[in-house]
Amino acid sequence: MSNYTGYRCPVCGKAFAPGDDVVVCPDCGTPHHRECYRSLGRCAQEDKHAAGEQWSPAPSPEDIPAAGGQATLICPRCGSHNPAGNIFCQVCGHQLTAGQVPGQPVPPPPGPQQGYRPFGQEEAPRQDQGFGPGAAGCGGTPQWFRNIFPELGDDQELAPGVTNRDVCYYVGPNSFVFLLRFQRLLQPGFKISVNWSAFFFSFFYCFYRKMYKLGALLLAIVAGSMVPVFWAAYPLFAEIWAEYGTLTMDALYALSSPAAQQFASAAMLFRTVSLLVSLFCGFFFNSLYCRRACQEIRTVRETGHFSSGSPEYRYALAHRGGVNLNAVLVAVCTLMVFYIIGCVGLTYQLM
């Protein structure tokens with residue numbers, strides 16, 4: 001007999017406990033307490049029989065506490081179950097305490113909402129089953145992706161010591177997109193892959209994907225190219241101020257002097273460097289990110305004190321990879337501070 005411990009009887013709403021006398025509707029498979037079924041005289045979901053709907057266990061008994069068992073907390077980000085005392089999710093690292101009450105069991109919802117699905121519809125994949133929509137750390141890989149690329153199995157090695165599942169946990173959001181890019185990049189002779197997000201956001205995207213060293217280097221290059229602009233702006237603005245008594249765009253365009261030409265050359269240098277950095281990110285970010293992902297995954301495998309596939313292993317990969325919006329904000333603030341310092345220094349020189 002199947003184990004219905006933890007699920008709820010649709011008649012009385014009580015969770016089935018070990019040893020309960022449970023009967024199952026022969027038409028839709030809905031479990032009932034025997035006494036509840038006899039008192040009602042029919043299946044509680046009889047109105048769904050005409051539509052051919054069947055009862056399905058969602059979530060499964062493995063994922064919910066047994067009646068009277070230890071309480072769990074459900075992660076609002078990845079949906080995984082955690083012990084009641086946890087502060088952070090053991091799978092994705094999301095904080096669990098906000099808006100949740102520890103110490104209360106998390107049974108499946110009672111009544112018709114409990115695991116019902118239309119007849120013939122496939123059961124939704126459970127968390128950790130491949131690249132399913134609820135797979136922790138997989139960034140929500142859609143069903144169509146698995147249908148189009150069935151050859152990308154979970155445990156298939158993308159590189160020595162690196163499986164597709166590991167890449168999925170490490171990359172996080174849009175993992176299926178990067179998985180395809182990595183497959184192509186690791187083929188012999190294929191080293192260039194276009195990333196439009198990296199092209200348009202340049203070094204900011206490096207910080208977003210936790211490529212901190214690369215992002216800092218490119219940020220320093222762009223910031224350094226701004227120095228000649230400020231350096232050439234001082235004699236130009238001083239000349240405009242002396243001739244026109246004000247600093248306006250009309251005066252800037254009307255002035256034709258060596259200082260103006262020097263400023264135009266410095267501005268052209270800045271635009272060229274910025275464009276080159278964007279092109280570099282757009283064409284080579286995927287390759288560098290693939291190399292880093294493989295190195296980080298191998299490091300976690302070799303130095304981690306936990307087995308591959310365990311929640312701790314998945315958390316370590318998600319913690320090392322994923323995205324970081326705070327780093328992007330820091331990069332934006334750094335560039336703004338550099339620009340403000342340049343403007344303040346230029347204004348001070350003109351006063």
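I take contact to mean heavy atoms within 4.5 Å.

I am working on a predicted model, where local features need pLDDT of at least 70, side-chain atom pairs count only at pLDDT 80 or more, and totals for chains, interfaces and linings use all residues. I number residues from 1 along each chain as its sequence is written, and side-chain values use heavy atoms, with hydrogens and water left out.

**Phe182.** I looked up its partners first. Not counting residues up to four places away in sequence, Phe182 touches Leu158, Val167, Val171, Asn286, Tyr289, Cys290 and Ala293.

**Helix α4.** I counted its buried residues (under 20% relative accessible area, 1.4 Å probe, protein chains only). Helices here are DSSP runs of H or I, at least four residues; strands are runs of E, at least two; both are numbered from the N terminus. In α4 (residues 175–185), eight of the eleven residues are buried, so the helix is largely enclosed by the rest of the structure. Phe182 is one of these, and Arg181 is another.

**Cores.** I define a nonpolar core as buried Ala, Val, Leu, Ile, Met, Phe, Trp, Tyr and Cys residues joined through side-chain atoms within 4.5 Å. The largest has 37 residues; Val167, Phe182, Phe285 and Tyr289 touch the most other members. Elements giving two or more residues to this core include β7 (157–159), α3 (164–171) and α4. With ten residues, α9 gives the most to this core. Another core lies apart from it, with ten residues, including Val229 and Phe263.

**Whole chain.** I find eleven helices and eight strands in the protein chain. Of its 351 residues, 39% are buried. Among contacts with a separation of 6 or more, 59% join residues 24 or more positions apart.

Notes
Buried means under 20% relative accessible area, exposed over 50%, partly exposed in between (1.4 Å probe, protein chains only).
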